[in-house]
Structure formats: structure tokens, C-alpha cells
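Subject: Structure handover

Hi,

Here is the structure you asked for. Please open it alongside this note. My findings follow below.

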Amino acid sequence: MRAECRTDVRTSLPLDFATACSPHHRLSFTQGLIIGQLSVMLILGAFIKFFIFGDPPSPDVTASIRAAERRARSLAHKHSLPSLDVPKQRQSQGQMLGRKKSSVLRNQPALTTDSILRKTYYNVDGHQPESLDWFNVLVAQTIAQFRSDAQHDDAILDSLTKALNGTTRPDFIDDIRITELSLGEDFPIFSNCRVIPVNEDGLSVGNGFKFDAATVAREGSRLQARMDVDLSDVLTLALETKLLLNYPKKHSALLPIALSVSVVRFSGTLSVSFIPSNPSQSTPTMMTFSFLDDYRLDFSIRSLLGSRSRLQDVPKIAQLVESRLHRWFDERAVEPRFQEIALPSLWPRKKNTRGPDDTMTEMVGSIGRAKGKELGRELRDEARRRDVTTDEEIMDAAPTLKHRRPHIATGEDDLPMPGSLAGVQMGR
């Protein structure tokens, strides 16, 4: 046997062919194939069990982990700010020195945070937080009107559809169709409002110590209102789409997906402040708002995969969607990021004036010209009829000389004399 193997090797047979001819190596190849298939099946089974059907962590644990990450990010941002304060102060001083003052306007005293608090009788250290009950009523009316308009107009539905099917949608996702949209029934509750001075970067001045006017004036701070927000409602957005497999050819396979995302609870701290206008840079007054990093946002996510054999409520899909939504909110409205809104001019203007006389003008202007003329004609006829009716009632109730008719004579001798009273006959 050994001689035959040597002969085979010497007859210039390929080494791999000669190796594969031996029963020992043939058994090793079969074992390797079996072991490879088993390993692939084990990896696939572990992926399905732990990645798709694995139990997600509890909401409290997830919320605490996200809060710790946001807190670490905020602290890192605060530690990096002191090195940037000096250039900002130098830049602001240079702008003040290069600005030319008017000789007509009376010089006003410098408007500081301390003077505003003193003239409005607001004590930062001792003022009690406000309940904001009146503000909750105004916000509730605004939201109720928004929901009522959404029922009669599909503007919000069209806007969401365009946003979901925008240019950023990847090519492996089919058109997204909204199947359910619920704007909720309850309203957010604002409470515990307090006003604190903050610096230009939005950090509180004093760091919890007693309010110092000198420190506030030196750091060039502004006032900021902070209030607690709590919303317990169900805001739902449900949609359907398909995952497309475009290899080896386009639309080779597809996987239907139905997803429903509901916001069930939100609680946090809202901060609102105003940035004064800068005439030198032609910037209007800005209102900024953001949420502190201690907020809590809970979702309820339902999913459905497949058309016949369906997978319902896959935990990993819920985790991915929830993580993406939290990241989207953090990148837009959580400190140190904030939203900035330009405020219009509050100076009274004629074009912004509204009153009783403008209601009919707006109503006539909103319809066509022919209908407007017809409506004006009907209003004039109605006013004329009312005037005639009033005159007849006055004549019947208290006739006067002006409304009496002259006596109609029956003969030639009965003609009234000039200057005589109507209805009075002269004796013969």
C-alpha cells in the first residue's frame, strides 16, 4: 500500500488529488463539511434567539442608561465652555466700542438682569414657583384648535407623507403609507415655573448659590424661565412599507412591514429664554427653547413582519426604532442644542389691526366679485326695508305735520287756501 502511494506520487499525479484519494483524508473532508454546517446553524440559531426574540431590558434600566449618557455629554460640554468665554467677551467689547451712538435719542441706563429683576419685584432666591394654570388653558385651546383643523384638513397627513417619502429614503425601502394617525386627547401640563439668570451658553449663574448681582453683571447673563412638563397621552403613528431585495435584479424579493409607534409618556424640564436683537447685524429678537437632559420619553412600539408567516412585535426592532427616535430628539431639542424662533415686531401697525368693521370687508373679499356685489345689494335693500318699516310705524303711532297728507277737495269751491292748515275748512 505504501509502495502504491509512492508510485502515485512519482507518476506526477497532483498532490491534492492523491491526498483526496486516501480514505483518511476523505473522511476528514466530510467531517469538516459537517462541522461547518453545524457551526453555521448554531450561529444562525443564536442570532435568531438572542437578536430577534431576545427579551429587551426593562424601561427603567434603559431610561437610566440614556439619562447617564445625556448627563455625561452635558458635563463634557460644560467643561469645554470656559476656554471659549474670553474670545466672546473680547468680541462683544469690540462691537460696543466700534458702534456709533445717536445724538438724538436720550441715553438710557444700561439694561441688566439685576435691574429687570429689581423693577419687576422678582426675587430669584425667595420667589415661589408658579403653577401656570392660566398658561395650561391657553396651550390646551391651541392644541384643541390644531386637532380640530387636522380633522377637516389633510395638510398634516400630506406633510408627514412627504417627509417620510423624501429624498433621504434608501432604495431598499418601498413607498411608505400612513395607516393611522392619532393626535391624542389630553393636554400637556406645565408647572413649577421659575426664572433664573443664565450666561450666554445657557448655564445657570451661581451654580446653586445665593444670587449675586455683581457676578451676573460681570458674566453678561440673561434671564431664563424653566418649567416642568408632564404629558400622559397616546400619540400614535402607524405606517406600512416593504423591504426590497434588488440583487441580482431589481425587486427580486420583498418583505412587508407594518409598524406602529405611540408616545405614551413624556416628562421633563423646558427652558425658555429670549435673545435681544442686534441692529448692527440685522438680527431680530429670538426666542430659544430646549429641554434639560433629565427628561423621560416612553414609547409603545408594535411591529409585524411578513405576509403569510408573520412575526409579531420583534423586540429588537422596537429597540432600534426607540433608539433612533431618542437620538433624533436629542440632536434637536436637548441641551446643549436648542431651537431658535425669530419673533415678529410687536410695534402696533395699521395692517395688523382687526375690528368689527373689518369682518364684513374680509368676508366680502374672500368670495368672488359678483357674489360680493350681490351680497352688498342685499344688505342695502334690507337696510332700506328696515328704514321704511320704521317710518310707517312712526306715522301710525304719532302722526306729525310733516307726515300728514293734504285734504283732497271734492268740488271747485272746496279748494284749500294758500297758507291754511291741511284738513281745515273755511266757513262760508
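A crossing of two helices is called right-handed if the near helix is turned clockwise from the far one by less than a right angle, and left-handed if anticlockwise. Keep that in mind for the helix pair below. Note too that this is a predicted model.

First, the overall picture. The protein chain has 428 residues, and 20% of them count as buried. Twelve helices and nine strands make up its list of elements. Take the contacts in the protein chain with a separation of 6 or more: residues 24 or more positions apart account for 71% of them.

Now the helix pair. H4 covers residues 59-79 and H10 covers residues 315-333. They pack at an angle of about 25°, with their axes 13 Å apart. Angles under 35 degrees count as roughly parallel, so H4 is roughly parallel to H10. Their crossing is right-handed.

Which residues meet there? H4 brings Arg66, Arg70 and Arg73. H10 brings Glu322, Ser323, His326 and Asp330. By class, this contact of H4 with H10 has five charged residues, two polar and no nonpolar.

Thr236 lies in E4, which spans residues 235-245. Is Thr236 buried or exposed? Its relative accessible area is 9%. Buried means under 20%, so Thr236 is buried. Its side chain makes a polar contact of 3.0 Å with the side chain of Ser262. Beyond its neighbours within four places in sequence, Thr236 also touches other residues, among them Glu180, Leu181, Ser182, Ser260 and Val261.

Best wishes

Technical notes
Residues numbered from 1 in each chain as written. Predicted model: local features only at pLDDT ≥ 70, side-chain atom pairs only at ≥ 80, totals over all residues. Heavy atoms only, no water. Axes fitted to C-alpha atoms, helices over the stretch in contact; angles between N-to-C directions. Helix = DSSP H or I, 4+ residues; strand = E, 2+ residues; numbered from the N terminus. Parallel < 35°, antiparallel > 145°, perpendicular 65-115°, else oblique. Contact = heavy atoms within 4.5 Å. Nonpolar A, V, L, I, M, F, W, Y, C, P; charged D, E, K, R; others polar. Buried < 20%, exposed > 50% of the residue type's maximum accessible area, 1.4 Å probe, protein only. Polar contact = N/O pair within 3.5 Å; in protein donor to acceptor, adjacent residues only side chain to side chain.
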